Structure formats: C-alpha cells, structure tokens
Amino acid sequence: MRLNRFLARAGVSSRRGADVVIAAGRVTVNGAVVTDLGTTVDPETDTVAVDGRAVALPESPTYIVLNKPAGYVVTMSDPQGRPTVADLVSGAGKGVVPVGRLDAATEGLLLLTNDGELAYRATHPSFELPKVYEVVARGVLTDEESATLEAGVELDGRLTAQAEVELLSTARHTTLATITIHEGRKRQVRRMFEAVGHPVRNLKRLSVGPLVLADLRPGRWRRLSETEIEALRGALGLTGS
Ligand code: URA
C-alpha cells in the first residue's frame, strides 16, 4: 500500500496532506525517515511513525449511520457531561467518529467512521454532498420565501449556495417542508429559515449523499452495506482507490 494512502487511512490527514507530511521528513518506516512519495508499506509488517509516534490502520474501516435523537451532542466526549453520540454507538468499532455536524437539538442521519480520508472528503466543501432535512417551521412559508431560500440567503456576509425546497404541507401556524442543501455551515438550516422569518421548531436530517435514514429508529445505528459504501466512495471521488 502506498504510504500516503496508509497515512490517510490511519486518519493522519487527507492523502494529499500525507504527501506534505512525508515530504517534510516527518515520517519514518521501520525507524528510517522516508521522503520518497512513491514509498510503499506493508501494513502487516512495517512500523510507520509520524513525528516519532507510531500510527496504525484501524482494524478495518467501519461505516455506520446513527439516527441521532434530539438532545445528544455530536462529539465522542463532552467536558460538560451531556449525553453524546458515543453513548449510542458503543460496540460499533474502534476509532469511529462523527462526520460533520448536527446540532444537539437536531435529529436524524449521522454518519460515523474511522476512515479518515472519507471523513475528510465528506466534510470538504468541494464535494458538496447534498443533505436533505425535514423542517417543521413556525408560520406559513410563502412560495416567494421558498424561492429566496433556494436562491440563497446571506449568512455571515456570504450567500448560501443554491438549495431546493419542497413544501409538503402548511397548517395555520406551521409549515412542513424539506430542504436540500449542499453545504454544512453552522446551524445552516435553522439560520436560513430564521432569515426568512420562520424559526425552525423541529429539524431532522433524512439523508446525506446516497445514505438515507429510511426506517432506522431514533437512537439506533446500523452498518452501511457494501453497496452504500461504494456509492458514498463514488460520490466523494474515491472510486477505485
Ligand atoms: N442545519 C442546522 O441548522 N442544524 C443542523 O443540525 C444541521 C443543519
């Protein structure tokens, strides 16, 4: 296996980032510094270290989706002692961490993995994985406001990227809609709906790229199928590596 791939799989950095680390002379294989970007290693027998610290591949990459219930913080440990997603995924696999953010109050699909390169790409803006949210918002969203959300609203001085909104139903004081966004800014959906005057009451993520929540119950997780892993890798430009 090429050394940069090994380092990326071990969660050190992206594969390109690993080349920088190698070129900087920070990597040793069996105790000897290597700077050749074409170096290959045998994960079974070679000892690889970065800055003197041994790094190893995760046992085998693990990919799971969790239906995160509201009230759980997306981190593996919380200094404030709040419930975290780590409480829900014990037994899933070594080194599994959440990919991207989901507010504590938001429920729905959360991908967790110990595949560092895939995690890096899945949160990188250039891959723009579509994320679909079901939104219950206060008030009745008009077609015009819906079009505004789709065209972009200004958050932090920058327009949001094009989004797709589907109005599912409106009652006197409530709107049920889905919104598909291609970014992952902080509290993005909540702030977008606030910007058009309709604070979000309930937010649930239904899908991330090719991964869908389907009938996974809140608080439960499942492993991705080979087909889902391939689809996800394909969406992130990792096919064939
Ligand atoms: N947008 C939000 O506002 N919150 C989330 O958790 C995810 C997207």
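**Notebook: the ligand site**

I started with Thr106: an N or O atom in its side chain is 2.9 Å from an oxygen atom of the ligand. I count a polar contact as a pair of N or O atoms within 3.5 Å. Bear in mind that this is a predicted model, with local features needing pLDDT of at least 70 and side-chain atom pairs pLDDT 80 or more, while totals for chains, interfaces and linings use all residues. Numbering runs from 1 along each chain as its sequence is written, and side-chain values use heavy atoms, without hydrogens and water.

Asp103 puts a backbone N or O atom 2.7 Å from an oxygen atom of the ligand. At Val189, a polar backbone atom lies 3.0 Å from a nitrogen atom of the ligand. On its own the ligand has 230 Å² of accessible area, and the protein covers 96% of that (Shrake-Rupley method, 1.4 Å probe).

Then I listed the shell (a heavy atom within 4 Å): Leu102, Asp103, Thr106, Tyr133, Arg187, Gln188, Val189, Arg190 and Leu203. I sorted these residues into four nonpolar, two polar and three charged, with Tyr counted as nonpolar. Helix α5 (residues 188–195) gives the most, three residues; helices here are DSSP runs (H or I) of at least four residues.

Last, domains, whose bounds come from an automatic or database assignment. I have domain 1 (3–55), domain 2 (63–126 + 210–235) and domain 3 (130–208). Domain 2 and domain 3 each give at least three residues to the shell. I also noted 43 Å between the C-alpha centres of domain 1 and domain 3.

Note on methods:
A polar contact is a pair of N or O atoms within 3.5 Å; within protein, one must be able to donate a hydrogen and the other to accept it, and residues adjacent in sequence count only if both atoms are side-chain atoms. Helices (H or I, at least four residues) and strands (E, at least two) are DSSP runs, numbered from the N terminus.
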